[in-house]
Amino acid sequence: MLDAENKIKSYIRKIYKNNRDASRLLNSIVSLIDEDNLASKKKLTSKNWSQKSSFLITYADSIKSENDSPLLVLNQFLQKYIDSIDSIHILPFMPSSSDSGFSVIDYYKIDEKFGDWKDLNLISKNKNIMIDIVLNHASRNSKWFANFLKGSGQGHDFFKVVKDWNGIAQIERPRSSELFQKIQTVDGEKNVWCTFSHDQIDLDFSNPAVLLEFLKIIKFYIKKNIKIFRLDAVAFLWKKQNTSCINLQETHYIIKLIRFVSTLIDKNAILITETNIPSKENLSYFGNNDEAHWIYNFTLSPLILFTLLSGNCSQLRKWSMTMPPAQEGNAYFNFLASHDGIGLRPVEGKLDSTELYRLINKMRDLGGKISYKTSQWGEEIPYEINITYLDSLKSTFNGEEKFQIKRFICAHTIMFAMEGIPAIYIHSFLGTKNDHKAIAAGEGNRSINRFKWDKKDIYKNLEDKNSNNFYIMSKLNSLLNIRSKQPAFHPNATQFTLNLGDEVFGLWRQDKKRKQSIFSIYNVTSKSVKLSLQKINLIETEKWIDLISGEALKDIDDDILLKPYQSLWISNYNSEK
């Protein structure tokens, strides 16, 4: 017990230094943890993920019906169509005032428009659930903020108040709105910090009571059988004068403390950090295997997109070669699309300015939108592309439209083979196109990829075997089911990037026991490409098969002809036999 308490105490000291209020934090945290867990000497590293692990990312109401609550409809959809995925990231379902749920009013409630706890429990019986913990800010409509305005009650001291702030120009943020907002309170006018919007007031983690409250929230959800927590916008957590106010040391220590305490509450708790920042900074959130269990692999999406639009994998190959393997107990969280846009910060240093603006201009041509952030010099810089991933691959830089769906499937097949845990946005699974009506209605750039399907309409499409919706879902389900049976696709299995030229991207994956190898080969062009099998070092004493087609390779010295955007998973081991 003393070891755990001393560890917690050491984190508190690193975060709060000599803050007098912090001295009471230790006892409050210890009271959250069961004594048996506090005294446990087991290593507090969750290892309950494997090649079978994959996620669907969705809003509670991405599919709606007049007859049932959205959460019930979601559960029905999962049971009927999604047999290949064991986990689901349900975007914020708590009462909220804006930002599609990310301006949370109350963590202890489900917004009644989505359903109730019984509905959520039905999903948790069959799928692991990941939820969002929006650490950086809370809604101005929350009880916390109401108490801030009146100067008493829980939350009255939870928000970041600014007085004579030095170094405003250095502050880094992903929005172009005014950073500070004047608010009239019972104690007079105060300036509050608003990193994202004036409805989302930043919390002040220099007050230990804020951290304690979020630990209580995490325990509340663990008791609800929800154990995977996405720490949204966590990089902006700590504010310090004359700094960029992003990725500060105190932020990292707060995540370390949250991980340590949450795994003491439940050893299967998993933290994932959402940090849409350059790759090197993003990697720092692994810590020394003591911070995030998983980190979002933001670089993957824009690089795969650029690869398939250009028909050249050189940039993807260079980045893949430099990507460090995650330690045991850590993993990458791989995705191509999400409720947000395709981030551009992660490709800083990966794509030059000419390549970047070529990509941006192409996305505009395909109906996409570009969102911006403000630099420290006041200029607007492209921050993310807003478009559905299907429409982002409608045509190449050269105007080739013929193979849109093949490009789309190829993109996902690459992602499925990469080291890490794959996550698929529901609108990728459903083959949803850009929602231009939402844009025209003024709902904001991100609404282009947040369409709400009517249950009858999407079910009709998915039952039509001639529809693109049916084909895409069937293909992705099939690939994920194949993937889930391959030990070489374990999130921590060995990965080595092959150099097969600029037209063919290749990876070698090998399982931990060194029994299975998978050579993942992709033609990233719109033409057929010849590949010599001698380039991928197939051992002659083994029998090799393409797991995707089920066809055996007759001669490892042959040349093979890869069709446009064709994918191969060549393995010496077929787990389905």
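Modeller: Let us start with helix α14, residues 404–417. This is a predicted model, in which local features need pLDDT of at least 70 and side-chain atom pairs count only at pLDDT 80 or more, while totals for chains, interfaces and linings use all residues. Residues are numbered from 1 along each chain as its sequence is written, and side-chain values use heavy atoms, with hydrogens and water left out.

Biologist: How do you know that the span of α14 agrees with its 14 residues?

Modeller: The expected span of a helix is 1.5 Å times one less than its number of residues. For α14 that gives 20 Å, and the end C-alpha atoms are 20 Å apart, so the two agree.

Biologist: What makes α14 largely enclosed by the rest of the structure?

Modeller: A residue is buried if its relative accessible area is under 20%, exposed if over 50%, and partly exposed in between, using a 1.4 Å probe and protein chains only. In α14, 13 of the 14 residues are buried, and therefore the helix is largely enclosed.

Biologist: Why is α4 called roughly parallel to α17?

Modeller: Helix α4 (residues 70–81) and helix α17 (residues 455–463) pack at an angle of about 5°, with their axes 13 Å apart. Angles under 35 degrees count as roughly parallel, so α4 is given that name relative to α17. Contact means heavy atoms within 4.5 Å, and the residues making it include Val73 and Phe77 of α4 and Tyr459 and Leu462 of α17.

Biologist: What makes β16 mostly covered?

Modeller: In strand β16 (residues 380–386), five of the seven residues are buried.

Key: Helices (H or I, at least four residues) and strands (E, at least two) are DSSP runs, numbered from the N terminus. Axes are lines fitted to C-alpha atoms, for helices over the stretch in contact, and angles run from 0 to 180 degrees between N-to-C directions. Angles under 35 degrees count as roughly parallel, over 145 as roughly antiparallel, 65 to 115 as roughly perpendicular and the rest as oblique.
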